[in-house]
Amino acid sequence: MIKKDREKPKLLLAHEAAMRRVPKTQPKYPQMEQEFYRLHYGYKGEQAMDYYSSFIPHEDYKVLHGLRIPDTKGRHFQMDSLLISPTHCLILDSKYVSGKMEFDEDTGSLIRHNET
């Protein structure tokens, strides 16, 4: 059962509004555009993960999307999704990348192969 729905991040909404208003001739426009696409594709990756997590038997799990939890020093920890079951919790973090990804079991790392 989804207990907290995913919402479009406020920073992405702000960048969408700025991209509509700021002229492309503005010197900082390329930086704004780069940040906009980073936020846009991050959110798109989260939405793509939502499709796959929709196959999880939600009667056994609680799902919380877009959590931002403060610590005692005023910093925040962000989770794309948190799945809670009676026996465990699982933090899901999504990435939106193109190309082929491979998991190297020897090093425990992901290797990205760019499409050519």
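**Salt bridges and surroundings**

User: Let's start with Arg6: buried or exposed?
Analyst: Arg6 is buried, and its relative accessible area is 13%. Keep in mind that we are looking at a predicted model.

User: OK. Which side chain does Arg6 meet in a salt bridge?
Analyst: That would be Glu46, with an N to O distance of 3.2 Å. Glu46 sits in helix α2 (residues 29-53) and Arg6 in the loop between β1 (2-4) and α1 (10-21), so this pair ties together parts that lie 40 residues apart in sequence.

User: And Glu46 itself, buried or exposed?
Analyst: Buried, with a relative accessible area of 13% for Glu46.

User: How many salt bridges are there in total?
Analyst: The count comes to 5 salt bridges. One of them joins the side chains of Lys8 and Glu16, with N and O 3.0 Å apart.

User: How accessible are Lys8 and Glu16?
Analyst: Lys8 counts as partly exposed at 34% relative accessibility, whereas Glu16 is buried at 18%. The cut-off for buried is under 20% relative accessible area, so Glu16 falls on the buried side.

User: Which partner does Asp71 have?
Analyst: Asp71 forms a salt bridge with Arg75, and their closest N and O atoms are 2.9 Å apart. Asp71 is partly exposed, with a relative accessible area of 33%.

User: What else is Ser94 in contact with?
Analyst: Setting aside neighbours within four places in sequence, Ser94 is in contact with Gly42, Gly45, Glu46, Met49 and Asp80.

User: Nice. There's another serine I'm curious about. Where is Ser85?
Analyst: Ser85 is in the loop between β3 (76-84) and β4. At 11% relative accessibility, Ser85 counts as buried too.

User: What does the Ser85 side chain reach?
Analyst: The side chain of Ser85 reaches the backbone nitrogen of Thr87, at 3.1 Å. If you leave out residues up to four places away in sequence, Ser85 touches Asp60 and Tyr61.

User: Switching to the surface. Which residues make the nonpolar patch?
Analyst: Val97, Met101, Phe103 and Leu110 make a nonpolar surface patch of about 390 Å². Val97 belongs to the loop between β4 (89-92) and β5 (100-104), and Val97 counts as partly exposed at 41% relative accessibility.

User: And Phe55, buried or exposed?
Analyst: Phe55 is exposed, with a relative accessible area of 58%. Its place is in the loop between α2 and β2 (62-70).

User: How far is Phe55 from Ser98?
Analyst: Their C-alpha atoms are separated by 23 Å, and the two residues are 43 residues apart along the chain.

User: Let's zoom out. What's the order of elements?
Analyst: Starting from the N terminus, the protein chain runs β-α-α-β-β-β-β-β. That is 2 helices and 6 strands.

User: What about the radius of gyration?
Analyst: The protein chain has 18 Å, while a compact globule of 116 residues would have a radius of gyration near 13 Å. Along the principal axes, the C-alpha atoms fill a box of roughly 55 × 35 × 35 Å.

User: How much of the chain is buried?
Analyst: Buried residues make up 22% of the 116 residues. The chain exposes about 9100 Å², and carbon and sulfur atoms supply 55% of that area.

User: Last one: what share of the contacts join residues at least 24 apart?
Analyst: It is 42%, taken among contacts between residues at least 6 apart in sequence.

Definitions and conventions. Residues are numbered from 1 along each chain as its sequence is written. This is a predicted model: local features need pLDDT of at least 70, side-chain atom pairs count only at pLDDT 80 or more; totals for chains, interfaces and linings use all residues. Side-chain values use heavy atoms; hydrogens and water are left out. A salt bridge is a side-chain nitrogen of Lys or Arg within 4 Å of a carboxyl oxygen of Asp or Glu. Helices (H or I, at least four residues) and strands (E, at least two) are DSSP runs, numbered from the N terminus. Buried means under 20% relative accessible area, exposed over 50%, partly exposed in between (1.4 Å probe, protein chains only). Patches are made of residues with over 30% relative accessible area and no salt bridge: like charges are joined within 9 Å, nonpolar side chains (Val, Leu, Ile, Met, Phe, Trp, Tyr) within 5 Å. Accessible areas come from the Shrake-Rupley method with a 1.4 Å probe; for residues, only the protein chains shown count as cover. The radius of gyration is taken over C-alpha atoms; the globule rule is 2.2 Å times the number of residues to the power 0.38. Contact means heavy atoms within 4.5 Å. A polar contact is a pair of N or O atoms within 3.5 Å; within protein, one must be able to donate a hydrogen and the other to accept it, and residues adjacent in sequence count only if both atoms are side-chain atoms.
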